[in-house]
There are 2 protein chains.
Amino acid sequence: MNVEIFGYIAAILTTAAFLPQLIKTLKTKKADDVSLITLIMFIIGVLCWIIYGYKISSIPILLANLITLILNLLILFSKIYFSKS
Amino acid sequence: MNVEIFGYIAAILTTAAFLPQLIKTLKTKKADDVSLITLIMFIIGVLCWIIYGYKISSIPILLANLITLILNLLILFSKIYFSKS
């Protein structure tokens, strides 16, 4: 079995995994149990992956982390918005 | 500035980020707002990263994802345990 396939499945799953969290947060209109520190640390980490991917010219790292960044920013904004209302 | 430094900071942050979530879940004894589908997808994805890291003999990929796996399994088990009690 091709080794690369595990890398692609891994990248797709660890990126797409945040979509159900975003949908759940938008549906239930709350994310109190989701750690704010986790979200902030993860977003800064993903930003570093994007810089790293850009510097080493890796399209897969760049692409996967851009989608992860957008999804996690939306989860963060939703959490803050719903905690205020 | 060294390019590799961004890779290391990224790996440390996107791994350690799950520790505050685990601590929060253990403290509040609930993780209802944390998506179960997100956790399961993410854990399967991280398992694929571990297989990929092993196959390409990448210690950083292997190490970072092993810690991420353990932290996310503990979050998953805590969520299931507290949702039942």
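Tutor: This is a predicted model, and we can start with the lining of its largest cavity, whose residues divide into ten nonpolar, seven polar and no charged.

Student: How is such a space found, and what volume does the largest cavity have?

Tutor: Rolling a probe the size of a water molecule over the atoms shows where empty space is left. Here the structure holds one cavity of 30 Å³ or more, and the volume of the largest cavity is about 230 Å³.

Student: Which residues lie nearest the centre of the largest cavity, and which helices supply its lining?

Tutor: Of the 17 lining residues, A:Phe18, A:Thr38, B:Phe18, B:Gln21 and B:Thr38 lie nearest the centre. Helices H2 (18-28), H3 (36-55) and H4 (59-84) of chain A, together with helices H2 (18-28), H3 (36-55) and H4 (59-84) of chain B, each supply at least two residues of that lining.

Student: How many residues does each chain bring to the contact, and what area is buried between chain B and chain A?

Tutor: Chain B and chain A bring 34 residues each, and the area buried between them is about 3,200 Å², of which carbon and sulfur atoms give 73%. On the side of chain B, the residues that lose the most area to chain A are B:Phe6, B:Asp33 and B:Met41, together 20% of what that side buries.

Student: How many salt bridges cross the interface of chain B and chain A?

Tutor: The rule finds two salt bridges across that interface, and the side chains of A:Lys30 and B:Asp33 meet in a salt bridge at 3.0 Å, N to O.

Key
Residues numbered from 1 in each chain as written. Chains lettered and ligands numbered in written order. Predicted model: local features only at pLDDT ≥ 70, side-chain atom pairs only at ≥ 80, totals over all residues. Heavy atoms only, no water. 1 Å grid on protein atoms, 1.4 Å probe; cavity = no way out; pocket = protein on both sides within 12 Å on 5 of 7 lines; lining within 4 Å. Points joined across faces, edges and corners; volume = space filled by probe spheres on them. Helix = DSSP H or I, 4+ residues; strand = E, 2+ residues; numbered from the N terminus. Nonpolar A, V, L, I, M, F, W, Y, C, P; charged D, E, K, R; others polar. Contact = heavy atoms within 4.5 Å. Buried area = accessible area lost by both parts, 1.4 Å probe. Salt bridge = Lys/Arg side-chain N within 4 Å of Asp/Glu carboxyl O.
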